[in-house]
Amino acid sequence: GNLHLVWGVVNDKDLHEIWPLLPKEATYYFCKPNIPRGLDAEVLQKFAAENGFSGKAYDDVKAAYTAALAQAQAHDTVFVGGSTFEVAEVVG
């Protein structure tokens, strides 16, 4: 199946170091963890696009997660990551 990544990070992460580790073939749902240090989703989406990744920015983690679930098919994988703060918003 396809891979859907709900992805958000805090603003002190080195994106140049993280990005080469991520799969380009995934569909990304960029979001900002709901903490003051959260990196704006539009900034994250722009950086991703400049590095050959595709995806859309969402207003918050729940909206990104909901969109990923809506797009995912039965054999697809939805992964939430980047920041544990973001993961906590989904499971909390």
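**Contacts, fold and rings**

Visitor: Which residues does Asn 2 touch, not counting residues up to four places away in sequence?
Guide: The model is a predicted one. Asn 2 sits in the segment before strand S1 (3-7). Contact here requires heavy atoms within 4.5 Å. With residues up to four places away in sequence set aside, Asn 2 touches His 75, Asp 76 and Thr 77.

Visitor: How far apart in space are Gly 1 and His 75, C-alpha to C-alpha?
Guide: Gly 1 also belongs to the segment before S1. Gly 1 touches His 75 and Asp 76, not counting residues up to four places away in sequence. In sequence Gly 1 and His 75 are 74 residues apart, while their C-alpha atoms are separated by 4.9 Å.

Visitor: Is Gly 1 buried or exposed?
Guide: The exposed class begins over 50% relative accessible area. Gly 1 has a relative accessible area of 91%, so the residue is exposed.

Visitor: What pattern does the chain follow along the sequence?
Guide: The chain holds four helices and four strands. Taken in sequence order, they give β-α-β-α-β-α-β-α.

Visitor: What radius of gyration does the chain have, and why does it count as compact as a globular protein of that length?
Guide: The pattern of the chain is β-α-β-α-β-α-β-α. For 92 residues the globule rule gives 12 Å, and the chain comes close to that, so it is as compact as a globular protein of that length; its radius of gyration is 12 Å.

Visitor: What share of contacts between residues at least 6 apart in sequence joins residues at least 24 apart?
Guide: A contact needs heavy atoms within 4.5 Å. Among contacts in the chain between residues at least 6 apart, those joining residues at least 24 apart make up 69%.

Visitor: Where is Ser 83 found, and is Ser 83 buried or exposed?
Guide: Ser 83 is in the loop between strand S4 (77-81) and helix H4 (84-91). Leaving aside neighbours within four places in sequence, Ser 83 is in contact with Gly 8, Val 9, Val 10 and Pro 33. Buried means under 20% relative accessible area. Ser 83 has 7% relative accessibility and therefore counts as buried.

Visitor: Which residues is Lys 56 in contact with, leaving aside its neighbours within four places in sequence?
Guide: Lys 56 is part of strand S3 (residues 55-57). With a relative accessible area of 51%, Lys 56 is exposed. Apart from neighbours within four places in sequence, its contacts are Tyr 28, Tyr 29, Phe 30 and Gln 45.

Visitor: Why is the pair of Tyr 28 and Phe 30 described as stacked?
Guide: The count of aromatic pairs comes to seven. The ring centres of Tyr 28 and Phe 30 are 5.5 Å apart and the planes lie at 5°, so the pair is stacked. Planes count as stacked at under 30 degrees apart. The angle that settles the matter for Tyr 28 and Phe 30 is 5°.

Visitor: Which residues do ring pairs link into a cluster?
Guide: Tyr 28 and Phe 30 are both buried. Ring pairs link these two into a cluster with others; its members are Trp 19, Tyr 28, Phe 30, Phe 47 and Phe 53.

Definitions and conventions: Residues are numbered from 1 along each chain as its sequence is written. This is a predicted model: local features need pLDDT of at least 70, side-chain atom pairs count only at pLDDT 80 or more; totals for chains, interfaces and linings use all residues. Side-chain values use heavy atoms; hydrogens and water are left out. Helices (H or I, at least four residues) and strands (E, at least two) are DSSP runs, numbered from the N terminus. The radius of gyration is taken over C-alpha atoms; the globule rule is 2.2 Å times the number of residues to the power 0.38. Rings of Phe, Tyr and Trp (its six-membered ring) pair if their centres lie within 6.5 Å; planes under 30 degrees apart count as stacked, over 60 as edge-to-face and the rest as tilted. Buried means under 20% relative accessible area, exposed over 50%, partly exposed in between (1.4 Å probe, protein chains only).
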